[in-house]
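Subject: Handover of a structure and findings

Dear colleague,

Please find the structure below, followed by an account of what was found in it.

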Amino acid sequence: MRPTPLVLSVDDLMPAEQSARLEEAIGRFTITPILAPGPEFDEVYAFLGAEFGPKNELEAKATLAGWLGRHGAVDGLFVAYHLLSCRDVDGALAGARDCFVIRRGEGPWVVLLSHVLVGPAWRRSGLGALLRAAPVALLRAAGAQDDEERVLAAEQELIDPEDEASIVRQLAYGRAGFSALNPQVFPYAQPDFRPHDVSAADPKPVPMMLTLRRLGLEHATEAPAALAWAVLDAFDVIHQEHCLPGDLAARRALAEAWCRDPVPMMRFDPRQPESAPCRSCPGASAAAKARRWAWFTRPAPRFGRGGRPEEVPMKLKPGMVAVVTGAANGLGLALARALAGRGLTVALVDHDEAALIAALDSLGGAGQPGAPHSATVVDLRDRAALSALPGRLLTQHRQLDLLVNNAGVSVGGALAELQEDDIDWILDVNLRAAMVLTQGLLPQLQRRPESAIVNISSTFGMLVMPTKTLYCATKFGLRGFTAALRAELSGGPVQVSCALPGAITTDIVRRSRAARPQAKELEHDYLQAQGQAPDAAAARILRGLERGEGEILVGSDARLVDWLTRLLPRALPGLLLRHRARFPFLNV
């Protein structure tokens, strides 16, 4: 069946966009929906891909092809995907756009604007305005009535006051009737929708603004919070198909923390010259208003992020030698096994002799002549034994290429409930041991053509939590030590990384100390229920090491914490306390 071209009207556009050229464009161009994969779909996808593909801003072809068949309501949720092709009178492909029409129950009609592209030969022909009018025609075709709430929504990059093109783009949105939800009241971030398989980079959400055109209410200065949430819900409907749930939950938590009702709308008035006052902000020019938003346009500084971008990351190779502390169980054992599986020789270090021997046996080759791996029993609290440890390791192995400071303990309870010995114990194991061992092995690591140090911190090195005061102090300290050491060794052969794992299904809490035994058991149960497997965490850490990441976020909860600490550094502690019911061990 041949698709029916859209019926467009100049009345679907704002007066600022209506012109004689637009009337000519309506007679010249034909905009037609693509209903199924085929030659037309292939041509339009290639047309969009040439522009958006190199920027990683276009979904996979199979994804868009699958969406073409989504037109209708299921369980009260109406979703329709539209891919439009625009052809000139001679049949040439002149432009394309795609969008989603979404409505939940009797709520507002929301059109999510995705890609729009006008070919170079057709710019300034009025075609761009036609493609902006097309979503309104799609709403009519879907049955939306003039007395119903109808909104066009787009993700808009934050304004860069140093980039004139950024301001020009926002002025163009203003001319088209769009206003932005104030990001200080309703912050928004676009989730990373690239494939998240084993080889993919970790998700990197991008702070943006939600820019809306409320049909018939284009000059409104505020919007109901319910409408803002409906728009966010519409984006979630689409993003949940190819984004990690934790990323979507993070941006929703971000909005919940700041949203108020109603949400102020920000708009540049395109009818005024740039040097004139902006109507939505009396006494200020559009550029001046943009500069006042500058705090939100720049990402918060990331503590130690980035690794060594100017250098080639270390690659793990058979024959290398790795030292892993705390290797008898948990994450340390998982790291040792993963390294041995890659052909590395592993020197295991732990204080639990029986568990350490069992760990060595699990690596294979133990007890055979020339078995490469070794096990060294040492109490990291024993300062003399710790000082002698580098020499013992160098006696057993002719070279050292990788140091993983993984050994760690936990102390739970309010500071007033703990003993001075608890402070000494956790500082010695979690922080001092890593510093002393790194100092002792650093000369050997610097002699290698490429080598690395990985310090295992925690999400508690990014956020603070009641009753984990001592643990947070040591993990923040280890993270700071790693960042400073990375700067100190920059440009040399030693790569320095800090791993920041979230919850992992280990026995670290059960083997550690707590002022209240019941809280200790509840925290252990929480880790077992919410944590990821040690093997998965180990694989992620080694993947981050080989990508040269300065900080390696391990798990969706770590990504969530990283995101929230950068976007809500001051509000996060209060947000955590309001949701403390999610952490039973805090309520004992």
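A residue is called buried under 20% relative accessible area, exposed over 50% and partly exposed in between (1.4 Å probe, protein chains only). The model is a predicted one, in which local features need pLDDT of at least 70 and side-chain atom pairs count only at pLDDT 80 or more, while totals for chains, interfaces and linings use all residues. Residues are numbered from 1 along each chain as its sequence is written, and side-chain values use heavy atoms, with hydrogens and water left out.

Overall composition

The protein chain has 18 helices and 22 strands; these are DSSP runs numbered from the N terminus, helices being H or I of at least four residues and strands E of at least two. Of its 588 residues, 53% are buried.

Backbone exceptions

Most residues other than glycine have a negative phi, and most peptide bonds are trans. Asp-75 has a positive phi of about 55° and lies in the loop between β2 (71–74) and β3 (77–87). With a relative accessible area of 80%, Asp-75 is exposed. Arg-124 likewise has a positive phi, near 65°, in the loop between β5 (109–118) and α4; Arg-124 counts as exposed at 74% relative accessibility. The peptide bond from Asp-261 to Pro-262 is cis, with omega near 0°, and Pro-262 sits in the loop between α7 (245–258) and β11 (263–266).

The parallel sheet

Seven strands form an open sheet with parallel pairing, in the order β16-β15-β14-β17-β19-β20-β22; two strands pair if DSSP finds at least two bridges between them. β16 (374–377) and β22 (551–554) are at the edges with a single partner strand each, so one side of each has no neighbour in the sheet. The twist averages 15° from one strand to the next. Strand β20 (residues 494–501) is joined to β22 by 4 bridges, and Cys-498 stands opposite Glu-551 in β22.

A helix pair

The axes of helix α1 (residues 20–28) and helix α4 (residues 127–142) come within 9 Å and cross at roughly 75°. Axes are lines fitted to C-alpha atoms, for helices over the stretch in contact, and angles run from 0 to 180 degrees between N-to-C directions. α1 is therefore roughly perpendicular to α4, a term for angles of 65 to 115 degrees. Leu-22, Ala-25 and Ile-26 of α1 meet Leu-127, Ala-129 and Leu-130 of α4 in this contact, where contact means heavy atoms within 4.5 Å.

Yours sincerely

How values were computed. Parallel < 35°, antiparallel > 145°, perpendicular 65-115°, else oblique.
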